[in-house]
Amino acid sequence: EVMVTIPNADLLSQRVCNLSRIHQSQVKQKLQFSYADSEKLPQLLQDIKTEIRSSCPTVITDGSRPFRCFWSSYQPDHLEVILDAHFRVKPIGDAYAENKQNVLQAIYRAVKKNNMSFKVAE
């Protein structure tokens with residue numbers, strides 16, 4: 001259960017959402033890979049999406065919400081990939097936590113399938 005306290009003054013100047021009334025959720029994840037794996041990235045990106053489609057039946061792939069996995073930038077010591085996926089799961093509770101875990105496991109399977117590893121911060 002999520003409990004949030006918002007001062008009255010902030011209610012007037014900010015947008016507030018009741019999470020219990022939202023029926024869709026998002027998993028956005030930044031991933032880091034070595035420059036040595038740059039040629040493997042295009043296949044990895046497709047495999048991540050394939051793994052998520054097969055292991056997360058609530059993923060939204062009809063075009064109404066983003067389902068993206070793309071190489072987003074060059075960083076000094078790594079390549080950055082961003083996953084942005086939306087699901088027909090409320091953004092609170094065990095169902096959300098389990099769904100996010102399934103997404104993370106799908107990413108891991110795709111990385112291993114492509115004989116890659118995550119870039120660890122030094």
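**Notebook: strands, helices and chain**

I began with the strands and found that E2 (residues 67-74) and E3 (residues 79-87) pair in the antiparallel sense over seven bridges. Pairing here requires that DSSP finds at least two bridges between the strands. The model is predicted: local features need pLDDT of at least 70, side-chain atom pairs count only at pLDDT 80 or more, and totals for chains, interfaces and linings use all residues. Residues are numbered from 1 along each chain as its sequence is written, and side-chain values use heavy atoms, leaving out hydrogens and water.

I looked up Ser-73 and noted Glu-80 in E3 as its bridge partner. Between E2 and E3 I found a hairpin of four residues.

Next I listed the elements. The protein chain has three helices and three strands, in the order α-β-α-β-β-α. They are DSSP runs, helices being H or I of at least four residues and strands E of at least two, numbered from the N terminus.

I then turned to H2 (residues 41-55) and H3 (residues 93-113), which pack at about 140° with axes 8 Å apart. Axes are lines fitted to C-alpha atoms over the stretch in contact, and angles run from 0 to 180 degrees between N-to-C directions.

I checked the contact (heavy atoms within 4.5 Å): among the residues that meet are Leu-44 and Ile-48 in H2 and Val-103 and Ala-106 in H3.

Last, I noted that buried residues (under 20% relative accessible area, 1.4 Å probe, protein chains only) make up 32% of the 122 residues.

Key. Buried < 20%, exposed > 50% of the residue type's maximum accessible area, 1.4 Å probe, protein only.
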